[in-house]
Amino acid sequence: PDGTAVQYETSPPTSGNHWEVPAETEFYPPESLGEVPTERFVHNLEHGQIVIWYSPDAPQSVIDDIENYNDAQRGEQRLGILATPYSDEPEGYNFTITAWTRSQSCEEFSPDVVDAFREQFQGKGPEQVGVPTFTAED
């Protein structure tokens, strides 16, 4: 139930129990750290959405790149991705891209890397609710 704390096997989480209502698909700024519980984002993963978990201490250029990428998504593709600050980013990395049971940690932002991850995993969660698969535009 909502309000129940969940311990995850990975950091950031890629699957597991979660709360009933998923998070909105948007860019969450660094100052929103902790406002939306992790358990909501895991529900997004189950739906086949991609979550970018970024360190609030990442270089501003990396955070700006993630925000700009997220904001550039339009139409159905916007339904597939969101980004949130995350204080337990693996050491040596600035952000991690996750899908249900999958993750890739990175130091620098590359739209090509994010696009490739999305093409492979977006819209393929165990609970299909209309999240589109992703095809990068040329």
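Predicted model: local features only at pLDDT ≥ 70, side-chain atom pairs only at ≥ 80, totals over all residues.

Me: How many residues of strand β1 are buried?
Reply: Strands are DSSP runs of E, at least two residues, numbered from the N terminus. Buried means under 20% relative accessible area with a 1.4 Å probe, protein chains only. β1 covers residues 50-54 and is mostly covered, the buried count being 5 of 5.

Me: Which residue of β3 is the bridge partner of tyrosine 54?
Reply: Two strands pair if DSSP finds at least two bridges between them. β1 and β3 (residues 95-99) run antiparallel and are joined by 4 bridges. The β3 partner of tyrosine 54 is phenylalanine 95.

Me: Which residue of β2 is the bridge partner of tyrosine 54?
Reply: β1 pairs with β2 (residues 81-85) in the parallel sense, over 5 bridges. In β2 the partner of tyrosine 54 is proline 85.

Me: How do the residues of the lining of the second largest pocket divide into nonpolar, polar and charged?
Reply: Ala, Val, Leu, Ile, Met, Phe, Trp, Tyr, Cys and Pro count as nonpolar, Asp, Glu, Lys and Arg as charged, and the others, Gly among them, as polar. The lining residues, with an atom within 4 Å of a point of the 1 Å grid, include Tyr69, Arg74, Asp115 and Phe134. The division is 4 nonpolar, 3 polar and 3 charged.

Terms used
Residues numbered from 1 in each chain as written. Heavy atoms only, no water. Buried < 20%, exposed > 50% of the residue type's maximum accessible area, 1.4 Å probe, protein only. 1 Å grid on protein atoms, 1.4 Å probe; cavity = no way out; pocket = protein on both sides within 12 Å on 5 of 7 lines; lining within 4 Å.
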